[in-house]
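Subject: Structure handover

Hello,

Here is the structure for you to look over. My notes follow below it.

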Amino acid sequence: MADDVHEVVIVGAGFAGICAAIRLKDAGIEDFVLLERADDVGGTWRDNRYPGVAVDIPSVTYQFSFEQKSDWRWVFARGAEVKDYVDDVVNRYGIRDHVRFRAEVIDAEFDEDAHRWRVTTADGRTRSARFLISAHGVFSQAKYPDIEGVKNFAGKTIHTLHWDHDHDLTGERVAVIGTGATSVQLVPEIAKQVERLDVYQRTPIWVVPRPDVRVPPAVRRLFGALPPARWAARAAVSAGIEIAMLAGVTNHTRLPFLVKGIRRLAERHLERQVPDPELRRRLRPQYEFGCKRPALSNDYWRSFTRDNVDLVTEKIQRVLPHGIETVDGQVREIDTLILATGFKFLEYDSVPGYPLRGEGGVDLRDWWVDNRYQAYEGISVTGFPNLFLIPAPHFATSWSWLVMVESQTRHAQRVISHARRSGATYAGVRPDAQRRFYREMDTGHEKTLFLNPSCAGSNTYYLDRDGRPSIVRPQSSVTARWRANRFPLDDYELRAG
Ligand code: NAP
């Protein structure tokens, strides 16, 4: 017997879970709960509070289309402002009462007789739900590097996902391991504060300038008084990013010169920021722009010209109790070790980070090992009925996470409403529909940049264990939205229990 019975359980109260909840309310469904492992909403923006955290697409596109804020303070909103936006949305749409905090899901199993999911949380409670929306997000589990001795470091260790604001870095000797998008935001901020900063780079990152300014009060007033003005700004920015991504990355084989053009922009940025040719050589990626996720910054590369900052490109041999030893035998002593080593992503026990057992007791993680990463329309998997995964393989179109989330939650809402209207208790995606979609995705991947030989050495997380860019949906977000509204509902088999 479950402790609670609901029509829908949503896992996670980040942007995806919140959007799913709003969709359910739109559809007249109020019997749902969001299970959230933390004690606040906001996902990424609750957890990532490292110095310098900010969005890296313009704020006008990093918001829901149906809830547009007129008074963003920066063109690229800082993390705290995005968190305020999340809180506003949650309050405005009456979502907070549906959230169960400190409820970490550790297991979910489909009951084939009852056509219900049984969801267990770490406190031992179980909940039964007709439908399960697992809005586990992309970057929610910290990845700790597999480096000898890292657990034995005697000073302070901080992973960027769990920043410790009580720890003052002023005057300290600090090492940062990792040079991804997080490190690009963090390094210039802490470089000003610490005595010494060693940045350990395994794979360099492409960086382009961030066209960031405070939004002038007059523009904010205009956006508030005249909604079409902010809609137009959003449409223009969205179209620009979408076209660049579609042309340069998704259809790379047809239009390779676009990526080369952006790479030249990044190269000029590097030349302007770093006069020393040897340092430039070490910072310059050898793989093509876009193979690995690039970053935006006006001061990351310049940080390495500071007297107190060192770029370390020798491989790390081991972490010692008081420092880091590289393979050349050099030991650099430090007080604090910062791990900017990213997130577990498309690893066996991540995304989602708990077992989901569908028909026949099959664990979704094993199903993906046996059948490669795949999901119908980037959200459903055959053999796992009444379940929607946000994200799942083939979810990523091109830019704003919120745009993708709106499409995916719309898909889930359509299926759930259709099943309810039909009196069905079971909605499972048909194997032939999933196979058709997988073939379409796999063919589309051949045109993308990620399979190009120029990506060799990028160590990109866009490629899965089979070497396929399975997270990518090689289509525009407009197509994804259109399909979310129009995919044939017959692609799901309905049954009444
Ligand atoms: P990431 O891109 O995965 O970068 C992790 C870094 O750690 C890489 O440089 C990686 O090197 C290095 N690393 C990992 N394990 C290592 C090891 N054992 N030894 C040495 N180096 C190691 O993680 P991230 O920077 O946190 O960014 C993750 C994603 O979060 C981004 O791609 C982006 O999508 C998102 N993000 C968004 C924003 C924003 O929108 N504002 C900001 C930050 C992050 P390799 O490259 O060699 O693997």
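A residue counts as buried here when its relative accessible area is under 20%. Trp401 has 16%, so Trp401 is buried. Please keep in mind that this is a predicted model.

Aromatic pairs

The count comes to 23 aromatic pairs. One of them joins Phe395 and Trp401. Their ring centres are 6.0 Å apart and their planes stand at 85°, so this pair is edge-to-face. Phe395 has 8% relative accessibility and therefore counts as buried as well.

Phe450 and Tyr462 form another pair, with centres 4.7 Å apart. Here the planes are at 45°, so the pair is tilted. Both residues sit in the loop between H12 and H13, so the pair ties together parts 12 residues apart in sequence. Phe450 and Tyr462 are both buried.

There is also a cluster. Ring pairs link Phe15, Trp45, Tyr62, Phe64, Phe66, Trp72, Tyr85 and Tyr93. Trp72 has a charge over its ring too: the charged end of Lys69 sits 5.1 Å from the ring centre. Arg78 does likewise with Trp74, its charged end lying over the ring at 3.8 Å from the centre.

Disulfide

How many disulfides does the structure hold? There is one. It joins Cys291 to Cys455, with an S to S distance of 2.1 Å. The torsion about the S-S bond is about -85°, so the disulfide is left-handed.

Cys291 lies in the loop between helix H8 (277–283) and strand E11 (295–296). Cys455 lies in the loop between helix H12 (431–445) and helix H13 (477–486). The pair therefore ties together parts that are 164 residues apart in sequence. Cys291 is buried at 0% relative accessible area, and Cys455 is buried at 6%. Cys19 also counts as buried, at 0%.

Sheet

Five strands make an open sheet in the order E7-E16-E8-E9-E12, and the pairing is parallel. Strand E7 (156–159) and strand E12 (309–312) are the edges, each pairing on one side only. On average, neighbouring strands are turned by 20° against each other, direction ignored.

Within the sheet, strand E8 (residues 173–177) pairs with strand E16 (residues 336–339) over four bridges, in the parallel sense. Ile177 has Leu339 in E16 as its bridge partner.

Helix H4 (residues 181–191) lies across E8, E9 (196–200), E12 and E16. H4 runs at about 165° to E9.

Best wishes

Definitions and conventions:
Residues numbered from 1 in each chain as written. Predicted model: local features only at pLDDT ≥ 70, side-chain atom pairs only at ≥ 80, totals over all residues. Heavy atoms only, no water. Pairing = 2+ DSSP bridges. Helix = DSSP H or I, 4+ residues; strand = E, 2+ residues; numbered from the N terminus. Axes fitted to C-alpha atoms, helices over the stretch in contact; angles between N-to-C directions. Contact = heavy atoms within 4.5 Å. Disulfide = S-S within 2.5 Å. Buried < 20%, exposed > 50% of the residue type's maximum accessible area, 1.4 Å probe, protein only. Phe/Tyr/Trp six-rings, centres within 6.5 Å; stacked < 30°, edge-to-face > 60°. Lys NZ or Arg CZ within 6 Å of the ring centre and 35° of its normal.
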